[in-house]
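Open the model in your viewer and keep the selection tool ready. The stops below are meant to be taken in order.

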Amino acid sequence: MEEGSSDIPELQKSWMDAQDLLRRRLVTEDSFTWRLPSPTFTKAEEEVLKYVGGVDLSFSKDDPSLACAALVVLNLSSLQVVYEKFSILNLHVPYVPGFLAFREAPALLDLLERMRSNGHPLYPQLLMVDGNGLLHPRGFGLACHLGVQANLPTIGIGKNLHHVDGLSQLEVRKLLEARGNSNKDYITLTGCSGQTLGLAVRSTQSSLNPIFVSIGHRVSLATAIEVVKMTCKYRVPEPIRQVNISYF
């Protein structure tokens, strides 16, 4: 049964404590064994990034408690889907702003764990998450949560920006359109605290709306933008675009 509104403050307190514990394990620099593909010579024994996953959770229009958790894996060189899995479930955890991961992460982690425990050869080396990472009111969004719990390099891909550390979507769009920035592919998002939170990215030449890229776990912002550029055919990176195809 879904928690009543009177239980929300207690839930928030427990979730804040859990976030704080998970944050201690967060890694915001490159920490992986593979390297990005390069046209230059690569030693045969070097591991190259080949499989990039995407995860998302969508909801039925008819029943807001009915959800579809989805995982896709793409071959980075072809951007073709090589693996896909989904599960339909009823969610009873309430949505509380700033704590989305506690509603969505368990189902997504289950899909990843089933794939990993079976020793699947296409298990993703890196995961793109339809949601934010560090670009989050508490600095620990869904991409961070999933990355830490699955121990996977993750990148947060946000389609919208809510108010975070003095940043808003309207202000960021003005910055992108400002003189000196109009020809840039991306701008760095620095909050009022002085912390670099992510990037607002024009992923394609024709894209009018930016996407918001942030560190999830075990990937630097420099690597994140390189992977995003490698995977964008359209506005949204292909692993996220493919996983967004609704099963409802």
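The tour goes from a pocket to a hairpin and then to cysteines. This is a predicted model, in which local features need pLDDT of at least 70 and side-chain atom pairs count only at pLDDT 80 or more, while totals for chains, interfaces and linings use all residues. Residues are numbered from 1 along each chain as its sequence is written, and side-chain values use heavy atoms, with hydrogens and water left out.

Select Tyr95, Leu100, Gly131, Asn132 and His162: of the 27 residues lining the largest pocket, these lie nearest its centre. Strand 1 (51-59), helix 2 (101-117) and strand 5 (154-158) each give two or more residues to that lining. The lining divides into 13 nonpolar, ten polar and four charged residues, with Gly counted as polar.

Next, select residues 186-190 and 196-201. These are strand 6 and strand 7, which run antiparallel and are joined by five bridges; strands pair if DSSP finds at least two bridges between them, and a strand is a DSSP run of E with at least two residues. Threonine 190 has threonine 196 in strand 7 as its bridge partner. Five residues lie between the strands of this hairpin, and glycine 194 there has a positive phi near 90°.

Finally, select the cysteines. Which are buried or exposed? Cysteine 192 is exposed (over 50%), at 70%. The whole structure has zero disulfides, a disulfide being a pair of cysteine sulfur atoms within 2.5 Å. For cysteine 192, the nearest cysteine sulfur is that of cysteine 144, 20 Å away.

Notes: 1 Å grid on protein atoms, 1.4 Å probe; cavity = no way out; pocket = protein on both sides within 12 Å on 5 of 7 lines; lining within 4 Å. Helix = DSSP H or I, 4+ residues; strand = E, 2+ residues; numbered from the N terminus. Buried < 20%, exposed > 50% of the residue type's maximum accessible area, 1.4 Å probe, protein only.
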